[in-house]
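I opened this structure for a look and kept short notes. The model comes first.

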Amino acid sequence: MSGDRPGSIEAGPILEVRDLAVSFRTERGLVRAVDGVSLTLGEREILSIVGESGSGKTLTVLAVMGLIRDPNAIVEGSIRFRGRELVGLPDGEMRRVRGGAIAMIFQNPMTALTPVYAIGRQIAEQVRAHRPLSRRAAARRAIELIEAVGIPNPAGAAQRFPHELSGGMRQRAVIAMALSCDPALLLADEPTTALDVTVQAQILDLVRKLRADFGSSVILITHNMGVVAEIADRVAVMYAGRIVERAETAALFREPRHPYTLGLLGSIPPLEGARPRRLPAIPGTPPSPFAIPEGCPFGPRCRWREAACAVRPELVAEGGHETACILTKEARAAARAQSLAVTAGAA
Amino acid sequence: MSGEARPLLEAVGVSKRYRVGNHLLARFNKVVHAVEKVSLAVQEGETLGLVGESGCGKSTLGRCLTRLYEVSDGHILFEGTDITVLGARALRALRTRMQMVFQDPAASLNPRRRVGELIAEPLIVHRRGTRAEIAARVRALLREVGLLAEHAERFPHEFSGGQQQRIGIARALALAPRLIVADEPVSALDASVQAQIVNLFMDLQERLGLTYVFIAHDLSVVRQVSTRVAVMYLGAIVEIGPTDEVLSAPSHPYTQALISAVPVPDPAAPNRRRIILEGDVPSPIDPPPGCPFHPRCGYATERCRSERPVLSEHGRGWDVACHFPLNGS
């Protein structure tokens, strides 16, 4: 479908973000919501960004999309898409880059659909915005896209209005719309959070198929560790505007290193085996961007906090697995054993 | 749970139907069968988990159980009394013994009232003591749910989502109810906070001997809190039984598919056989004939297309509504 897309043969990363910072001027002073995030995404790679509300995960991808429009926002750092710098690009240029190669889907599909037109017409409109096609050809292309995302009876579905579709079908329609530009990069912000698990499984299958059929690279934001384990090649865990741990998915689940990651994994009740009497929950709540603690931002909620945590730890790589935590290898192993013991101390 | 004891709460053939459309002649309007002939019993001290996908009727059933909604058919017995026929005065007395906790705590807390007033309100309405006694009870309730007594002076917006849910729980506990129906009480919360509130529900049950009906779509949360679990599909219960048994070896093909769709946070887990259900849940306006699950069921036969299975025991000790239940292997 899109094999002749120019530029898809480069070996370098498709996306390179360096020291991204997003701040807001507010009545209560300057607030730094994303604080020095760097990441790279390879061709055909699926990267998951995990974090809780306020961790800066959504702002990070909105910055990549150039969609932070708040006049009080300040975006600093560098975002290179296929080697081209996006930060500071004029609006018109940015729109061309975005429309031609980057697409984004959101948690609520209705943010991208208008209730007053049939979905076929909405998708065809997107097709025509990217390609010089006749109305008729665009309508045909829309039906192909609807079929590609697995909506049954594509020609019939094209005539339906969003309110006539279920949540899962609407999310598929939005993905069809995102595909209209043959995106090399798909940014998905909690695309399955509002959906039922059986539908979530269908949408995750579709994202995998996108990578296989269209060769897209994907950044998928989620708070669900199960979704991460299912779909991601690599994971970045964000907390209070920073990446605190990053690794290949298998490595992160086999050997979580940051106490926050350990806590997140422990918070999930198991679906099999013994039930813990209590879940090893992380105490407290994620900090507000207005009051990010000094030093290690996770410090106040951390069971293994020590004096050295008063200094903000840098993200340090150790065999391809990066962690922003001062715990030594031995201390980490002890922490893991300790949190596992709580989980296993079951009924 | 002794099987002989009279259940605290019992639903007998409960249905809830809505009419949609506004045609002059009733026969031209369609009927949504939100809950279809549901019967279940909840014993004192246990937690019944109610799971299912959106639109399956679990929330509607929860609201019928507490009589926030009037049932269209059937009876609900609480402490042996049929509550579907109670008048306003008796209903108000009933509310002191059964309470609800909702998904969105912010929506159920008046933003203009202080937390202390919000928690005191049911105590004042039901004249539970003097001002000083009520103030002391509010402080005790705040501590009970893991907040501080001085939080009574603050407003709801000053709290995080998890803390707001704690306030909602304190309010539900104010009159010392025996039964709490909780409708998705943790699904709007962040993962780390969700675990805290799940723990709180379990601690309170242990300390106060509460009985819960816990409605949620997240199977792992339901597994953590429930003694028994009821799985709903298209307004009806398709399987109900002991949590561990039902979730580890389900009898109904829908339960099996639902469990298999949950993504497991372990990429090294042996490849589980995932059953991807085709299509969507059918409309409750026009439910399919026979077994409501048959259009999406991999095991459906001719019989499933014509004859509706009844919820009954099938040799494994719990009830399932299926002509060909799975045997757990």
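My notes on chains A and B follow.

I am working with a predicted model, where local features need pLDDT of at least 70, side-chain atom pairs count only at pLDDT 80 or more, and totals for chains, interfaces and linings use all residues. Residues are numbered from 1 along each chain as its sequence is written, and chains are lettered from A and ligands numbered from 1 in the order in which they are written.

Chain A. I found eleven helices and twelve strands; helices (H or I, at least four residues) and strands (E, at least two) are DSSP runs, numbered from the N terminus. I looked up burial next: 46% of the 347 residues of chain A are buried, meaning that 20 or more other C-beta atoms, placed from the backbone, lie within 10 Å of a residue's own.

Helix 1 of chain B. I noted that seven of the eight residues of this helix (residues 58-65) are buried, so it is largely enclosed by the rest of the structure. Among them are B:Lys58, B:Cys64 and B:Leu65.

The contact. I listed 36 residues from chain B and 39 residues from chain A, with contact meaning C-beta atoms, placed from the backbone, within 7 Å. On the side of chain B that touches chain A, helix 6 (191-208), helix 7 (219-225) and helix 9 (253-261) of chain B each supply at least two residues. Helix 6 of chain B gives the largest share, nine residues.

Definitions and conventions
Buried ≥ 20, exposed ≤ 12 C-beta atoms within 10 Å, placed from the backbone. Contact = placed C-beta atoms within 7 Å.
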